[in-house]
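Thanks for making time for this. Please have the sequence and the model open as I talk.

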Amino acid sequence: AIVVYPMNALANSQAKELEKFLCLGYPEGKAPVTFRRYTGQERDEERQEILANPPDILLTNYVMLELLLTRPYEKKIVNAARERLQFLVLDEMHTYRGRQGADVALLVRRLRDVCANPHLQCVGTSATLAGSGSFADQQRQIAEVASRFFGAAVKPERIIGETLRLSLIHI
């Protein structure tokens, strides 16, 4: 998976969360899934380690993803994605608007072309993308935006939401 964040702070935060769930409690080097952050904040030796051993999950930002697709010395990560990429996740999709949104949408298309995986699942997350109307109306609106953004048809029934419900626990 490649998870793209609009800001490094989000990637940093999620790296810490993944560490809690995927590393703690497992013997050293025995975590079920490997992940690394690759945002440009890493020291050279960290980058070299990531290039030598691409992780199962790569946390990055859209600028670094663009560079990964264009810099020859990072080709090993692109080749790993070409062979194994199953999920492309864009966090905070509502932030990709206007020219920047168009640039990121084209970046997504280029990555999809490079990977040539017809089963690649594109996922967008946002807590504020939904408009007004019924949930079915919101699903249609979001599916339309997601279809344009990802360059692939997204059916309204694939759009999920959340509802908060008060839970009372009696002891």
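I will go from the overall layout to the cores, then to the aromatic rings and the cysteines.

One caution to start. This is a predicted model.

Layout first. The chain has 171 residues, and 32% of them count as buried. There are 6 helices and 5 strands. Follow the sequence and you read β-α-β-α-β-α-α-β-α-β-α. The C-alpha trace spans about 50 × 50 × 25 Å along its principal axes. Now take the contacts with a separation of 6 or more. Residues 24 or more positions apart make 64% of those.

Next, the inside. In soluble globular proteins, nonpolar side chains tend to be buried together. How many residues does the largest nonpolar core have here? It has 26. I2, Y38, L90 and F149 have the most contacts inside this core. Several elements give two or more residues to the core. On the strand side these are β1, residues 2–5, and β4, residues 87–90. On the helix side they are α2, α3, α4, α5 and α6. Which of them gives the largest share? That is α5, with 6 residues.

Find I2 on your screen. Leave aside residues up to four places away in sequence. I2 then touches L58, T60, L65, A81, L85, F87, L88, V89 and L111.

Let's stop at A15. A15 sits in helix α1, which covers residues 8–22. Is A15 buried or exposed? The relative accessible area of A15 is 15%, and the cut-off for buried is under 20%, so A15 is buried. Beyond its neighbours up to four places away in sequence, A15 touches F35 and L59. Look at R36 too. A15 and R36 are 21 residues apart along the chain, yet their C-alpha atoms are separated by 7.4 Å.

Now a helix pair, α5 and α6. Their axes come within 7 Å and cross at roughly 65°. Which residues meet there? From α5 we have G101, V104, A105, V108, R109 and R112. From α6 we have R148, F149 and F150. By type, this contact has 5 nonpolar residues, 1 polar and 3 charged.

That brings us to the rings. A pair of aromatic rings is described by the distance of the centres and the angle of the planes. The model has 3 aromatic pairs. F149 and F150 form one that is edge-to-face. Their centres are 5.3 Å apart, with 85° between the planes. Both F149 and F150 are buried. Together with Y62 and Y96, these two make one aromatic cluster.

Last, the cysteines. A disulfide is a covalent bond between the sulfur atoms of two cysteines. How many disulfides are counted here? The count is 0. Take C122. The nearest cysteine sulfur to C122 belongs to C115, and the distance is 9.6 Å. A disulfide needs the sulfurs within 2.5 Å, so C122 is in none. C122 has a relative accessible area of 24%, so C122 counts as partly exposed. C23 is partly exposed as well, at 30% relative accessibility.

To recap, keep two places in mind. One is the core of 26 residues, with I2 and F149 among those with the most contacts inside. The other is the contact of α5 with α6, where F149 and F150 take part.

Methods
Residues are numbered from 1 along each chain as its sequence is written. This is a predicted model: local features need pLDDT of at least 70, side-chain atom pairs count only at pLDDT 80 or more; totals for chains, interfaces and linings use all residues. Side-chain values use heavy atoms; hydrogens and water are left out. A nonpolar core is a set of buried Ala, Val, Leu, Ile, Met, Phe, Trp, Tyr and Cys residues joined through side-chain atoms within 4.5 Å. Buried means under 20% relative accessible area, exposed over 50%, partly exposed in between (1.4 Å probe, protein chains only). Helices (H or I, at least four residues) and strands (E, at least two) are DSSP runs, numbered from the N terminus. Contact means heavy atoms within 4.5 Å. Rings of Phe, Tyr and Trp (its six-membered ring) pair if their centres lie within 6.5 Å; planes under 30 degrees apart count as stacked, over 60 as edge-to-face and the rest as tilted. Axes are lines fitted to C-alpha atoms, for helices over the stretch in contact, and angles run from 0 to 180 degrees between N-to-C directions. Ala, Val, Leu, Ile, Met, Phe, Trp, Tyr, Cys and Pro count as nonpolar, Asp, Glu, Lys and Arg as charged, and the others, Gly among them, as polar.
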